[in-house]
Amino acid sequence: MNTNKNVTLIVVIVAGVFLAIRAANGEFGRVYTKTETVEFTKKVRDAVGDSVQPWTVERLVARSEVNDAQGQPRPDVHLSINRTLGLWIAAFGTLCIMSFLIGDNVFYKLAEAVIVGASAAYAMVVGFWTGIIQNLFGKLIPDTMRNSVLPGLPDENNAELVYIVPLILSVMMLWRLAPVGGWISRWPLAFFIGATAGIRLVEYLDADFVQQISSSIIPLIVVAGDGSIDFAASLKNSLIIVSILTCLVYFFFSFEHTGVVGATARVGIWVLMITFGAGFGMTVMGRIALITDRFSFLFFDWLWLPKPGVDT
Amino acid sequence: MIRSISNPHMPRLTLLAIMLLTAAGPLAAAPRPPSQVTVTDLPNDDGTGLVIRWNLSPDDTPDAKPRIIGQYNIERKDNDDANAEFELIGEANLGEASLEDKECERGVEYLYRVIAVGLDKSQSEPTVAGKAAAGQLQWIDGSRLWFGVIGLVVCGAVVVFIQIAKSGRELKIRKIAGLEAVDEAVGRATEMGRSVLFIPGILDINDMQTVSGITVLSRVAGLAAEYGAQLDVPTSRSLVMTTARETVQAAYLQAGRPDAYNEDSIYYLTDEQFGYVAAVTGTMVREKPAACFYMGAFFAESLILAETGNSIGAIQVAGTAMPSQLPFFVAACDYTLIGEEFFAASAYLSGEKHQLGSLKGQDLGKLVAVGLMVIGCLLATLAGFSEPDGALSSVVSYLKDHVLGDGGLLL
Amino acid sequence: MKRTIPLLIAAATGFMLILSEFIPLTQSWGRKVMIWFDILAAFAFVLGGANLLKIHLQKISNRRVGWGYSVITVVAFTITMVIGLGKFGVTPSEAFPDFAWSGDYLQEGSGFDWMYQHIYLPLASTMFALLAFYIASAAFRAFRAKNTEAIILLTTAFIVLLGRTYAGIWLTAEPLAWLGQNLFGDAQALAMFRLDVIVDNIMSIFNMAGNRAIMIGIALGIVALSLKVLLGVDRSYLGSEE
Amino acid sequence: MGNFFTNLDRRWIFLGMAVVVAIPMLQGLSFPEEPSEMVRDVFKAVDELPDGSNILMAYDYDPATKGELEPMAATFTRHCAKKKHKLYFITLWPAAVPMLRQNIDILENEFGNDYTYGENYVNLGFRPGSEGVIKVVVTDLKDLFANDVNGEALQDIPMTRNIKNIQQMDLIVNVSAGTPGAKEWVQYAASKYQIKMVAGVTGVGAPALYPYVPNQLTGLLGAIKAAAEYEQAVSEAYPEFNDNPATKEALRRMGPQLIAHLYIVALIILGNVIHFTEKKRGVPR
């Protein structure tokens with residue numbers, strides 16, 4: 001534990017010194033923006049007239065665009081304080097999460113506390129604007145919504161009164177918070193679990209059962225157009241069918257895995273192991289890409305280290 | 001213009017004529033209209049669909065370069081309304097000779113017409129359909145009849161076997177290694193005085209894997225109550241938290257330990273995948289549960305959870321129906337319930353004999369699958385050696401397109 | 001009573017929706033109910049959020065270990081929520097400039113977008129990126145040739161890992177072409193043993209077959225569980241009678 | 001030493017992973033790739049056109065997908081420039097306007113002698129309307145694009161003066177991150193009017209497009225691996241690109257991939273070596 005702390009301390013100090021040196025040379029992450037005035041389309045301008053003045057927005061400017069071709073700073077581009085701050089917060093958060101690899105520590109706990117709070121609220125805000133405002137109120141009281149938060153709602157959308165049902169179900173659900181009659185919240189739960197069972201039963205039976213069987217009906221011996229036998233394709237098809245069948249035998253619950261069934265099931269397990277091994281191997285590339293992306297953020301967006309091939 | 005006219009079949013004079021006409025301006029060279037517009041009911045729908053078919057305009061040929069026809073406009077009007085005008089309801093690409101209009105009002109007769117539109121936006125004379133048509137309501141979706149039959153067989157088998165089991169007949173079912181471990185894992189956690197962590201996946205209760213996870217949780221909670229082990233259930237959905245609380249409370253009650261139930265041990269963290277994972281792994285390294293159960297729908301977080309669990313030396317049992325995550329659970333957990341085994345787990349663990357009947361029903365379903373595949377493949381193989389359009393081929397295609405497809409009962 | 005009515009509700013809803021799939025007039029019901037579910041889930045956030053706050057506020061008031069982090073969680077939660085629901089820094093949509101609230105809640109440059117870009121996104125994607133490390137430690141620990149199954153698992157992973165990069169091609173393409181040329185007079189004769197070709201075959205034969213069998217099993221498992229839920233054979237989700 | 005490995009703290013494995021990814025990134029390490037059949041088809045589609053053909057550069061991606069698609073787009077731009085094709089840049093994504101700019105910077109900086117604005121390349125910019133834009137420009141370009149991105153009338157720009165619609169293009173090069181994108185270009189332009197088309201898409205988007213190859217889509221690049229192979233194909237055909245490190249961006253991104261893959265392979269081997277030595281020594285597990 002003590003060595004851990006010492007190592008961490010040393011790493012933090014070295015990193016701090018490195019950052020300080022770079023900052024002293026002016027080589028640290030900054031974000032630039034330029035101010036643009038929004039332009040209304042002619043249709044909008046005709047509709048609102050002069051009642052609304054166009055406002056300005058800050059647009060991100062790439063690092064390479066900050067200076068013009070002669071290396072002079074462009075006059076319309078300026079340093080964005082809040083986005084630069086955001087960049088540093090993002091970098092700090094990235095490092096905090098990564099520190100979990102070394103072991104649990106205060107930085108990780110800090111990041112964890114922030115992400116739990118922020119992401120729970122994030123999910124709620126998204127749920128509010130899409131689930132409640134758009135899907136519920138947009139259907140139930142479209143006129144009110146069109147005059148307030150959802151002006152883009154098509155004019156022909158009329159109130160769909162059937163959406164009163166989810167509203168009632170939701171109220172029943174929230175009844176839990178009331179001091180008495182909390183059991184009423186079981187009704188909406190039962191409704192949706194029943195609905196889930198019904199919907200998924202049909203869905204899975206169709207897509208994962210019937211259609212999978214259908215696509216497994218292939219000739220075991222493939223005859224080419226000229227009447228000869230295509231050995232490679234025949235072998236491939238036969239292997240596919242044998243593999244599927246042996247795997248299915250593995251999943252049978254009625255027979256102990258002994259004797260012929262046991263041997264077949266064993267082959268089935270082997271096929272499953274190949275499936276899993278391949279799945280593992282295929283996933284690695286995507287995962288490495290994730291970490292290169294995070295490193296690239298730290299190295300090039302934040303630390304402004306020279307990017308090979310671009311800055312050299 | 002001249003560069004692209006390369007059709008050798010077209011008489012030179014016509015070519016010249018077209019060039020002259022094109023040069024003369026947009027008034028000229030309107031494309032020739034399509035012919036033979038017919039309208040029929042769209043089958044197997046709720047009476048709001050019609051199919052419009054036509055023969056392509058003679059100007060719509062694939063070797064015309066440049067193309068003369070750009071698209072077809074399909075217009076319709078209410079046939080009973082004397083004042084109705086034709087309105088554009090759809091466009092079809094060149095070379096296409098049909099369109100499904102699914103926006104009809106049931107019972108209203110519509111008259112359709114089709115217009116060929118040239119690239120220069122000039123329109124042909126409209127070709128009006130021979131007669132007006134109205135959508136017909138079908139009460140049964142004929143295309144799904146075979147699917148219904150298969151569904152009845154599979155569901156029927158499950159129900160029948162549950163009934164058989166209820167009647168007290170002993171059913172032989174093999175053991176599943178991962179399930180034996182559940183008991184052991186909870187027991188070990190109790191001995192070590194550490195907690196049991198149960199994660200019911202990260203999807204909401206509208207996924208059957210979550211429902212299955214909750215049923216497994218019910219058994220795990222029962223065991224924990226019996227042994228007196230502490231149970232921790234962080235959830236990533238509010239409704240899963242609510243459902244899990246009901247379930248765990250019932251399990252404690254059934255085990256005769258209602259006093260030991262603590263509502264706060266089943267808690268919501270956040271809906272967001274990685275926020276949830278960050279919190280769960282943090283809890284894992286701090287609380288060091290001795291047994292970790294991952295039962296439900298998982299995505300990329302599967303390996304983060306399983307590797308963290310491994311690093312704290314927990315016994316880990318996973319069950320999921322996410323094929324893409326199985327490799328990671330298989331690699332990093334002690335026991336993994338693969339796909340169907342996961343759904344079978346609740347039946348096994350319930351200890352109720354009649355629940356085991358459902359497993360026999362599932363086996364019958366697998367037999368159906370194996371049978372259909374074997375017969376289908378043999379027929380398809382034989383068909384390869386017979387005439388291309390012979391009887392065998394039509395049997396195979398009936399099997400694939402009707403029995404296992406949406407072709408309906410009849411050929 | 002408290003279990004019977006919900007049981008009937010579940011059964012009636014489920015069987016009705018199964019039936020609705022076969023009747024053209026009602027085929028859209030299933031989709032609609034799932035939209036309703038999203039609405040319910042959005043309302044249910046109140047339950048989850050309240051619980052989250054309750055637990056952390058309790059921790060703070062009891063001064064339990066790590067209560068400081070609970071303060072941070074509560075603050076992060078409250079700030080994000082207020083900024084998101086209040087659409088702080090959101091300008092009206094350019095299409096409807098006369099509606100003050102018409103802008104998207106995640107509009108670029110808004111307060112919520114700032115939180116999303118600089119707090120939520122980097123933390124979540126770094127968490128995700130930790131997988132690169134865990135996949136390495138899992139490979140080290142789990143792929144040991146303990147038995148036949150483990151050998152098959154690790155060999156496949158090994159082949160796929162090599163075959164997905166230039167290393168696999170470099171290791172096998174040239175040597176096999178040379179061998180084929182000298183043994184059979186055809187550089188392509190042994191091409192099927194190239195690692196990249198083997199990987200393609202593993203994926204299109206065994207991986208496909210294995211996944212298909214798993215899917216068929218899952219479908220049956222879901223059918224059986226759904227029926228058990230609808231018939232009331234498995235009622236563990238409903239809680240107790242009291 | 002043996003003991004160190006048997007009780008290996010997994011943090012050493014983590015550190016190793018960080019090093020094998022970080023070093024190749026900072027060093028710009030890259031390895032050759034073997035272009036697959038599909039990538040060669042894409043290469044040929046651009047390369048076998050006579051010099052100076054008309055090419056529509058439809059780049060529909062945004063900063064979020066830049067990581068995967070930027071190298072592809074840049075290679076398309078360079079390859080076309082090498083062939084002295086006439087390039088018409090266009091996009092259906094508002095966020096792609098800076099991406100077009102970056103590709104035009106490549107033309108100006110690396111091919112400035114051959115490329116003059118308005119004669120060899122033109123930037124049409126963005127128009128809202130998603131696939132609606134495609135439907136219009138296939139028959140009448142100037143209906144929607146009266147001006148280029150600088151506001152100059154297409155009528156006054158030499159290379160667009162005689163362009164009526166994009167059926168006059170010899171090839172559509174599309175780099176697409178989603179909708180609207182490759183699928184829409186195939187449906188409403190390429191397959192409808194038999195215009196040749198190649199596309200570069202994200203790894204997630206590729207499977208949905210495979211069915212279009214080769215009839216409606218001559219070739220398809222999926223994800224960074226295909227981009228690296230395409231870079232390889234181009235630099236094999238035009239060795240002078242080897243002097244410019246920017247032409248190896250995707251190859252460089254495959255650098256950490258290769259090393260990391262080899263690292264994991266090595267870990268598997270190491271794990272087994274430990275496993276068997278333990279078994280020999282009879283260390284109880």
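Student: Which helix makes a right-handed β-α-β unit with S2(D) and S3(D)?

Tutor: In this predicted model, local features need pLDDT of at least 70, side-chain atom pairs count only at pLDDT 80 or more, and totals for chains, interfaces and linings use all residues. Residues are numbered from 1 along each chain as its sequence is written, chains are lettered from A and ligands numbered from 1 in the order in which they are written, and side-chain values use heavy atoms, leaving out hydrogens and water. Helices (H or I, at least four residues) and strands (E, at least two) are DSSP runs numbered from the N terminus; a crossover is right-handed if, with the strands pointing away from the viewer, the path from the first strand over the helix to the second runs clockwise. The helix in this unit, between S2(D) and S3(D), is H5 (residues 97-110) of chain D.

Student: Which residue is the bridge partner of D:Tyr88 in S3(D)?

Tutor: Strands pair if DSSP finds at least two bridges between them. S2(D) and S3(D) (residues 121-126) run parallel, joined by four bridges. Within S3(D), the partner of D:Tyr88 is D:Val122.

Student: How many residues of S2(D) are buried?

Tutor: Buried means under 20% relative accessible area, exposed over 50%, and partly exposed in between (1.4 Å probe, protein chains only). Strand S2(D), residues 86-91, is mostly covered. Of its six residues, the number buried is five.

Student: What is the strand order of the open sheet in chain A?

Tutor: The edge strands of this sheet are S2 (56-61) and S3 (77-79), each pairing on one side only. Strand S1 (residues 32-37) pairs with S3(A) in the antiparallel sense over three bridges. The order is therefore S2-S1-S3.
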